[in-house]
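Open the model in your viewer and keep the sequence panel beside it. The stops below say what to select next and what is there.

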Amino acid sequence: MMDLAQFTYPFGYVYFNENLVWQPVAFAYSFLISGAELFLLAAIAYFSRRMTEWIPIFLITGLSFFSVVLLGPLADSLEPHRAWRVMLTPHLFSTEKYPGISVMALYGGFLWPLTFILGALATFIYMSNKNPKYSFLKADEAKYEKLSPYLKIIFIALLPLSLMWSIYPSTLIVNQTWIWSWRNWGMLPALFFIETFSATAFAMIVGSLFKKKHDNLLLFIHSLAAFAVAFLLIIQMIFWSFQVKDTTFSAIYSLYPLFILTFFIFIITGVLSIKAMNNDKSLTVINTLALVGVVINKWNIIINGQLISRTGMGKIDLHLHGWWFFETLAPIAMGIIVFLILSSIYPLRGEGYETNK
């Protein structure tokens, strides 16, 4: 007869089929989504006429990452050969056989191609307008000046799409999973959105490679988001502490050490970003700290969060297959390869293009 004690608290209340659902490749996928966040920064820069020198970097880096964003979930599903079904037969509408709407199909089969096409058009028109001689069409500058008004429409459309991507997959894991830590994390979409500042770190790293001057508005956004992420982490830990007080749902405390570590990393990043407005010598440290903080935080959320039992009373052990590290880096490496190709077609050195229209 089976000893049920092994499945009960304090050993974890582990369900028989409970295991890690999302492998670390999904963790890489959450980084690639920053491509959409760079589209958002490009649109803000375009309409505000601030950070205009950085628009080419926002667009090229954003398009590079976003173009390979689906490699993460396809690799995680272990059935990439069925990718065409996601693209051509997405489950977007409720049927008698399949009630409800698939959020993953909505994003993968509809929102991804739409955002990618608009992002590619914005990049092509803007960069060709800036340097027509680098256009595939070899057109003259006057022709691209005529296309400039369409940039406004494209950037306007990219604003809500980028916002939707910035909170994904947090909306999915909060609403469509039964993992205790995720289901009881109402502020997770806000945290994912504010972590857009990880995209500013990517942009500033690329900018340093192409000798871009630091921009105070970009640093301000970077610092503001860092403080906001730190604030949300503290608030969430306080909320959980009151929620599980005098209960057996204590497994959530296992996430606290890394959250406290990232809290201090974000605070230091925010302070250094403010100081860098007058002295940009610490930009390398700032960007490195930001990425380290984001890596730790996303790992704690996506991977460690799954180790908490669905009852919230215990933990399961982490078991990863042997090639997980290289599998995780592969989608990001592919995004870097796309960036190298695009940046060779559209040089990123020099002043940004400013439009008066």
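Start with the contacts in the whole protein chain, where a contact means heavy atoms within 4.5 Å. Among contacts between residues at least 6 apart in sequence, 78% join residues at least 24 apart. This is a predicted model, in which local features need pLDDT of at least 70 and side-chain atom pairs count only at pLDDT 80 or more, while totals for chains, interfaces and linings use all residues. Residues are numbered from 1 along each chain as its sequence is written, and side-chain values use heavy atoms, with hydrogens and water left out.

Switch to a cartoon view. The protein chain has 15 helices and zero strands; these are DSSP runs numbered from the N terminus, helices being H or I with at least four residues and strands E with at least two.

Now show the surface. The protein chain exposes about 17200 Å², and carbon and sulfur atoms supply 69% of it; accessible areas come from the Shrake-Rupley method with a 1.4 Å probe, and for residues only the protein chains shown count as cover. Of the 357 residues, 51% count as buried (buried is under 20% relative accessible area, exposed over 50%, partly exposed in between, with a 1.4 Å probe and protein chains only).

Next, select the aromatic residues. The structure holds 22 aromatic pairs (rings of Phe, Tyr and Trp, the last by its six-membered ring, with centres within 6.5 Å; planes under 30 degrees apart are stacked, over 60 edge-to-face, the rest tilted).

- Phe65 and Phe202: the ring centres are 5.4 Å apart and the planes are at 80 degrees, so this pair is edge-to-face. Phe65 lies in helix H3 (residues 55–67) and Phe202 in helix H11 (residues 197–209), 137 residues apart. Both Phe65 and Phe202 are buried.
- Trp323 and Phe326: with centres 5.7 Å apart and planes at 50 degrees, the pair is tilted. Both Trp323 and Phe326 are exposed.
- One aromatic cluster is formed by Tyr29, Phe39, Phe66, Tyr107, Trp112, Phe116, Trp165 and Tyr168.

Select Lys298 and Phe192. The charged end of Lys298 sits over the ring of Phe192, 4.6 Å from its centre (the rule asks for NZ of Lys or CZ of Arg within 6 Å of the ring centre and within 35 degrees of the ring normal).

For the last stop, which helix supplies the largest share of the nonpolar patch? Helix H15 (residues 324–345) does, with three residues. Met334 is in helix H15, and at 37% relative accessibility Met334 counts as partly exposed.
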